[in-house]
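Me: I would like to learn how to read strand pairing and helix packing from a model. Please start with the strands.

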Amino acid sequence: MTDLNYDVVVLGAGAAGLMAAIEAGKRGRSVLVVDHARNPGEKIRISGGGRCNFTNINATHTTGRERFLSRNPRFALAALSRYTPEMFIELVRRHGITWHEKTLGQLFCDGSATQIVGMLVAELRRAGGTLQLETEVEAVAKADTGFRLRLSTGTVTCDSLVVATGGKSIPKMGATGLGYQLAQQFGLAVTETRPALVPLTFEIGTLERLKPLAGISLDAEVRHGKTRFEEALLFTHRGLSGPSILQISSFWREGDAIHLDLLPGRDALEALRQARATTPKLHLPAVLATLLPRRLAQLVADELALPGMIGDFSDKRLASVAQRLEDWTVKPVGSEGYRTAEVTLGGVDTTGLDARTMQARDVPGLYFVGEVVDVTGWLGGYNFQWAWASGWAAGQAA
Ligand code: FDA
C-alpha cells in the first residue's frame, strides 16, 4: 500500500490547527487535519460558557506584550500584528455570526460557540482541506523530505507538519502532552508547564473558616506583586474563583500570598468615617453589611472582633478596619489543576521558533502553533486570538 501524501499535515483540529489548515489550503496546499477526538474544536464549543469569547479587541501587538505571558513576551507580537482581532471579526461577520462586547473588550457570540466551530469547518472545506477525526498519532519521524506519520488509520507523509495539539488542560476533553513530546523529539526545548486561568484552593483550616462564604461573588481587586486585576471574585467550597482569581492564578506560585481589595475604587476609610458620622449607633457587622455582601461582612467583623458602636471608634481603629477591607491577605495552597484550568502556562520554548512563521528554527517544515507554545494570554479572548494569529502565521508558510 502506498503512503498518502499531503503538502501539509496539521495535528489537532482545535482553534489554532483549523486556522493553520484553512490558510494553507487557501494557498493551494493539500492539507490533512488529524485529531483523536470525535469532533473538531471541542474547546471552542465549551468556551465562554458556550458563547465563545472568540477575541479581545485589545489583543493587538501594542498591548500584547503586557497581556501575554511567556519567557519572551515579545515573541507573540509578530503574529498578533499580522493577524488582528479585526480580521477575525471580519471572518465572523462574513459568516453572519452576530456578537456583542461583554466587558473589557471581550467579544462573545450572541448565539452559540458551535457557530464558530461550524464557521471554521466550512472554511476548511472551502479551502479543500481534509479533516480526519478519531485518529491516533502513533509515531512521527523525519523523512528524506518532510515527515512520515504513522496514524491509527495508516501512514501519511507530508512536506510540512503543523503541531497544534494544545496544552494539558482538561484531559477529559482529549488534552495530551503530544505536542511537547514532539518538540523534545525534534530537539526543541519546552519550558516548565503549569495550570493557569484556574481557581485557587485553600488548606483545610482556612476552608473551614471561610466555608460560610461559598457562593458569594463580588467585585474585587486581586493583587500579586505588581500585578492586579479588578473583576469578579467568587468564594467556592474549595477556595477562590471568578475572573479576578483566574487572572491572578497565571502569576501566583506555591507559597505566595495574594491580596484582596474588597472595595475596589473606593476609599474604605472615608466610607467608614461617613458611617461613623451618619449611623454612629451601628455595630461593625451592620456597618460592613452596607459595604459588602452580608455573610462576608459578618465574617470580616467576627475576625476583627471590635466591639461597640461605630460612633465610638477612634480614627486608628477605623483605619485598621479599612486596612482589612482594602488589603485582605490570603495564602492559597494550590490550584484546581489541569482538571479545570482554562490554559497551560509554558510550553514549546519560543527561542526555537521563528516568530513570523512559527517554524522550528532548526527543523525546516516543522511548526508549532496555539497553546502548545510558551505563550499564554490573559482571560478574556486573548488565548483564542493567539490561536488564530499563530495558526494564521503558520498557514502562510507551511
Ligand atoms: P485546542 O486544545 O483547542 O486543540 C487541540 C486539539 O488537539 C484538540 O482538538 C485535541 O483533541 C487534539 N489533540 C490533543 N492531543 C492529541 C493527540 N495525541 N492526537 C490527536 N489529537 C490530539 N480562550 C479564549 O480566548 N476565550 C474563551 O472564551 C475561552 N474559554 C475557555 C473555556 C474553557 C473551559 C477552556 C478549557 C478553555 C477556554 N479558553 C478560552 C482557552 C482556549 O480554549 C484555548 O486557548 C484554545 O482552545 C487553544 O487552542 P489550540 O488549538 O492551541 O488547542
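Reply: Two strands count as paired if DSSP finds at least two bridges between them. Strands (E, at least two residues) and helices (H or I, at least four) are DSSP runs, numbered from the N terminus. This is a predicted model, in which local features need pLDDT of at least 70, side-chain atom pairs count only at pLDDT 80 or more, and totals for chains, interfaces and linings use all residues. Residues are numbered from 1 along each chain as its sequence is written, and side-chain values use heavy atoms, leaving out hydrogens and water.

Me: In which sense do S13 and S16 pair, and over how many bridges?

Reply: Strand S13 (residues 217–224) pairs with S16 in the antiparallel sense, over three bridges. Leucine 260 of S16 is the bridge partner of valine 222. S16 also pairs with strand S17 (residues 328–330), again antiparallel over three bridges, and there histidine 259 stands opposite threonine 329.

Me: Are the residues of S16 buried or exposed?

Reply: Buried means under 20% relative accessible area, exposed over 50%, and partly exposed in between (1.4 Å probe, protein chains only). In S16 (residues 258–261), Ile258 and Leu260 point one way, His259 and Asp261 the other, and all are buried.

Me: At what angle do H1 and H14 pack?

Reply: Axes are lines fitted to C-alpha atoms, for helices over the stretch in contact (heavy atoms within 4.5 Å), and angles run from 0 to 180 degrees between N-to-C directions. Helix H1 (residues 15–26) and helix H14 (residues 382–397) pack at about 30°, with axes 7 Å apart.
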